[in-house]
Amino acid sequence: MGCDGGTIPKRHELVKGPKKVEKVDKDAELVAQWNYCTLSQEILRRPIVACELGRLYNKDAVIEFLLDKSAEKALGKAASHIRSIKNVTELRLSDNPAWEGDKGNTKGDKHDDLQRARFICPVVGLEMNGRHRFCFLRCCGCVFSERALKEIKAEVCHTCGAAFQEEDIIVLNGTKEDVEMLKKRMEERRLRAKLEKKTKKPKTATECASKPGTTQDSAGPSKVKSGKPEEADPDPREKKSTLAPRGAATNGSASGKVGKPPCGALKRSIADSEESETYKSIFTSHSSAKRSKEESAHWVTHTSYCF
């Protein structure tokens, strides 16, 4: 059973109590949320996007996730609410001039300040390191600190001037309460978009059905006349029969014969026309085509007209 050789066991070795809950280092958690992609766990690099729940992603990682949804990924649950690239907003971030990154630590003997952030608030100047609450606007993607929006109350973006509402403000890496509120807004927004699509579809169908009728009415002359009731259109066969004798009567009155135009109207001599001599010489009525009796041979002899 052990305890040989004079060993004295301690109480914690014999009595097993409840396990202590492991505490997460807050600084490490903040660094992971604000400096690394939620989906791929890689360092954030431009272009950086944010979802409707306020989580940060690399745009390349989101596109790869959307293209390869069939693969089972452990981190896919974090982006399960992202159905298309439209559910993500590209962020307009302001660089921190005091952030050096890995430039000053080439030898590896310099202390890395994890609280120094890459980006800052363009209005107040607070660093985006998780110590202060930050949010972005869905309409334009500009990022501000919450203090800037509270101190400078406006309905227009401070950098680009785009108009926004309270629903467009999304907190970045918020608390559980903030995430629940943003999730409710997201569901309401998507339901509203579905209803709008359903209402638009029947409208387009009715418009397409009404267009052919309007074009037919506008193509023909108007049937309704002022002061007279609308009469029914006669049969097209009756129209043809009524039009035919009228045309025959007019032609008969002019020439004396039904259906035959005057002879002199169609015939025209080419000699009297204003064409050139070369063009007139093609026809037999021209003087060059006529031959004298001496030039013309007997019908038995060979002539060029036989071939």
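Okay, so helices here (H or I, at least four residues) and strands (E, at least two) are DSSP runs, numbered from the N terminus. With that in hand, Asn87 sits in the loop between H3 and S3.

Before I go on, the housekeeping. This is a predicted model, where local features need pLDDT of at least 70, side-chain atom pairs count only at pLDDT 80 or more, and totals for chains, interfaces and linings use all residues. Residues are numbered from 1 along each chain as its sequence is written, and side-chain values use heavy atoms, with hydrogens and water left out.

Back to Asn87, then. Is Asn87 buried or exposed? Asn87 counts as buried because its relative accessibility is 15%; buried means under 20% relative accessible area, exposed means over 50%, and partly exposed is in between (1.4 Å probe, protein chains only).

Ile85 counts as partly exposed, because its relative accessibility is 37%. Together with Ile63 and Leu67, Ile85 forms a nonpolar patch on the surface, with about 290 Å² of accessible area for the three together. The areas come from the Shrake-Rupley method with a 1.4 Å probe, and for residues only the protein chains shown count as cover. As for patches, they're made of residues with over 30% relative accessible area and no salt bridge: like charges are joined within 9 Å, and nonpolar side chains (Val, Leu, Ile, Met, Phe, Trp, Tyr) within 5 Å.

Now the charged patch. Which residues gather in a patch of negative charge on the surface? They're Glu166, Glu167, Glu187 and Glu188. On the bookkeeping side, Lys and Arg count as positive and Asp and Glu as negative, while His and the chain ends are not counted; the place of a charge is NZ of Lys, CZ of Arg, CG of Asp or CD of Glu. Glu166 belongs to the loop between helix H4 (146-151) and strand S8 (169-171), and its relative accessibility of 66% is why it counts as exposed. Glu167 has another story: its C-alpha atom is 9.0 Å from that of Leu137, although the two are 30 residues apart along the chain. Leu137 is in strand S6 (residues 134-137) and counts as buried, at 1% relative accessibility.

Next, salt bridges, meaning a side-chain nitrogen of Lys or Arg within 4 Å of a carboxyl oxygen of Asp or Glu. How many are there by this rule? The count comes to nine. Let me take a few of them.

Asp27 pairs with Arg131, with the closest N and O atoms 2.7 Å apart. Asp27 lies in helix H2 and Arg131 in the loop between strand S5 (119-120) and S6, so this pair ties together parts that are 104 residues apart in sequence. Asp27 is partly exposed at 31% relative accessibility, and Arg131 is partly exposed too, at 48%.

Arg190 pairs with Glu52, with the closest N and O atoms 3.3 Å apart. Here again distant parts of the chain are linked, with Arg190 in helix H5 and Glu52 in the loop between S1 and strand S2 (56-58), 138 residues apart. Arg190 is buried, with a relative accessible area of 18%, and Glu52 counts as buried at 8% relative accessibility. Bring in Arg189, and you have a salt-bridge network of Glu52, Arg189 and Arg190.

Then there's Arg45 with Glu42, at 3.2 Å, N to O. Arg45 is partly exposed at 39%, and Glu42 at 38%.

Last, some backbone geometry. The peptide bond from Arg46 to Pro47 is cis, with omega near 0°, and Pro47 is in the loop between helix H2 (26-35) and strand S1 (48-50). Gln41 is also found in the loop between H2 and S1, and its phi is near 60°, positive in a residue other than glycine. Asn173, in the loop between S8 and helix H5 (176-219), has a positive phi of about 50° although it is not a glycine.
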